[in-house]
Amino acid sequence: MAKTRREFTPEFKREAVALLESSGRSQMQVAAELGIQPSMLRQWRTVLMDGSPPKRPAGLPGLAPTSPVASPSDQAAEIARLRRELDRTRMERDVLKKAIGIFAEMPK
């Protein structure tokens, strides 16, 4: 079975680097805690500190450029999108709970 390549959001990368910087723990410990390779964490840190992505061969995905601060309208749109997604996820969860109750009943 082939492994699929995991992709991490720019927010996750920033949070991981912030955790490394603020925790005082080693890169190996933080990477193990997050379930990633230490080399990934090192690369993300380099990109965030230097502001330029490392040189990569063509065709390989790199780190997405990030804006330091989103505008209030962008933030409001993102919050609305996340609330819709949360509502949909809650509905799916509730449907599954009800289905488990129905299918778990023993026939008499």
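Predicted model: local features only at pLDDT ≥ 70, side-chain atom pairs only at ≥ 80, totals over all residues.
Residues are numbered from 1 along each chain as its sequence is written, and side-chain values use heavy atoms, leaving out hydrogens and water.

Which residues of helix 1 are buried? They are Lys-13, Ala-16, Val-17 and Leu-20, where buried means under 20% relative accessible area and exposed over 50%, with a 1.4 Å probe and protein chains only. Seen down the axis of helix 1, its buried residues fall within an arc of 95°, so they line one face of the helix; the arc is that of the directions from the helix axis to the C-beta atoms. An α-helix has 3.6 residues a turn, so residues three or four places apart point the same way.

The buried residues of helix 1 pack against helix 2 (27-34) and helix 3 (38-50), with contact meaning heavy atoms within 4.5 Å. On the face turned away from that buried side sit the exposed residues Glu-11, Glu-15 and Ser-22. Just after helix 1, Gly-24 takes a positive phi of about 80°.

Now for the whole protein chain. It has four helices and zero strands, helices being DSSP runs (H or I) of at least four residues and strands (E) of at least two, numbered from the N terminus. Of its 108 residues, 12% count as buried.
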